[in-house]
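Here's a quick tour for anyone meeting this protein for the first time. Have a look at the structure, and then we'll walk through it together.

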Amino acid sequence: MNFELTPPMIDKIAFAMEDQKERFSVDVESGELVPVSSLGGASDERYVRLPRWGSAEGFHLMESFITSLDNPAYREQLSHSLTMGKGVFRAFKDALKQSKEIEKLWFAYKERRLRGVIISWYNLNREARGLAKLPAELEETEELVMSDFTFTWDIGGRAHAVLQLDRDAFFELFPRETPAELEKRFLEKRRELPAAGEATSPILIAETPAGELAGLVWGVIDGRSVNIVQLAVSPGYRGTGLGEVLLRQFLTAMRNRGMQRLVTELMGKSLRFSDFFQSVGFVPVAQVMECSLDQLPY
């Protein structure tokens, strides 16, 4: 991402994200926005898709805005509009028009939220290419993320969803492996680990206002050290800064519990995010290499 992320560029990207008829990619050198349908066989290295912003993301934003309101009358009125089924977005807009102040708050909230998503997406792609992130003073994502999601250490009735997200995120790391190979690798990594949520296996979960699992970070305690087993964000909430907030919250909590060291193993596609982990305090101490013996050329 070599183009400058200026305020006009942010506005341009936000406008393209909200286009419900076409998805866009950006030229990482020039910043030009190009419809995905027109790229054909263009190099994946040259173009990066804009953050997804469909009806699900729009609905989640409306939910989080409603929960941020102090006035119970407005909360009730707007909440009712979200039960309108097919016409939910029109009903929400009509409900906003009942109060100019609330409508103004909505547009400001939406603008900040989209800006945070775009800055996080931009930085994530710069890190993946070994480039420096935007200066910290330009980032507003943590405050927005903390207001948009609920964070809990209680796995409660979320066990099935947690296990599914853990599995899906692990499988994503090795896109070239067969399902059988992935299953074997996954079982080997999870064998003999204490169940997530046990005293020696803390897990921090992020949920949407509707109770949907949005992300998690899970670690296993070994003496005064914590080994991070999984850091995962559900596809619909990637690019929001949620992963970084989860990790920072987890690091702080473990330090407060008297832990002295946190370790994580980067595998497969996650290797490209080593700069991200270093940005929050991790230091590389080893490199593990692997080869498949049945695929050697000699």
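Is Ile 118 buried or exposed? Keep in mind as you look that this is a predicted model. Ile 118 turns out to be buried, because its relative accessible area is 0%, and buried means under 20%.

Where does that residue sit? You'll find Ile 118 in helix H5, which covers residues 100-128. Leaving out neighbours within four places in sequence, Ile 118 is in contact with Leu 5, Ile 10, Ile 13, Ala 14 and Met 17. Leu 50 is another residue to look for: 68 residues separate Leu 50 from Ile 118 in sequence, yet their C-alpha atoms are 8.3 Å apart in space.

Now for a helix and a sheet. Helix H1 takes in residues 7-17 and lies across strands S1 and S2, running at about 15° to S2. The sheet itself is open and has three strands in the order S2-S1-S3, with antiparallel pairing. Strands S2 (33-35) and S3 (47-49) are at the edges with a single partner strand each, so each has one side left without a neighbour in the sheet. From one strand to the next, the twist averages 35°.

In general, strands of a sheet pair through backbone hydrogen bonds, either parallel or antiparallel. Here, S1 (residues 24-27) and S3 run antiparallel and are joined by three bridges. Within that pairing, Val 26 stands opposite Val 48 in S3.

Stepping back to the whole protein, there are 10 helices and eight strands. Of its 298 residues, 43% are buried. The protein exposes about 17200 Å², with carbon and sulfur atoms supplying 53% of that area. Sequence distance comes into the contacts too: among those between residues at least 6 apart in sequence, 60% join residues at least 24 apart.

How confident is the predictor? The average pLDDT for the protein is 83, and 86% of the residues score at least 70. Here are the two ends of the range among the elements:

| Element | Residues | Mean pLDDT |
|---|---|---|
| Helix H6 (lowest) | residues 141-148 | pLDDT 62 |
| Strand S5 (highest) | residues 203-207 | pLDDT 94 |

A word of caution goes with those scores. Where pLDDT is low, the predicted coordinates should not be read in detail.

Definitions and conventions
Residues numbered from 1 in each chain as written. Predicted model: local features only at pLDDT ≥ 70, side-chain atom pairs only at ≥ 80, totals over all residues. Heavy atoms only, no water. Pairing = 2+ DSSP bridges. Helix = DSSP H or I, 4+ residues; strand = E, 2+ residues; numbered from the N terminus. Axes fitted to C-alpha atoms, helices over the stretch in contact; angles between N-to-C directions. Contact = heavy atoms within 4.5 Å. Buried < 20%, exposed > 50% of the residue type's maximum accessible area, 1.4 Å probe, protein only. Areas by Shrake-Rupley, 256 points an atom, 1.4 Å probe, with all protein chains shown as cover. pLDDT = per-residue confidence, 0-100.
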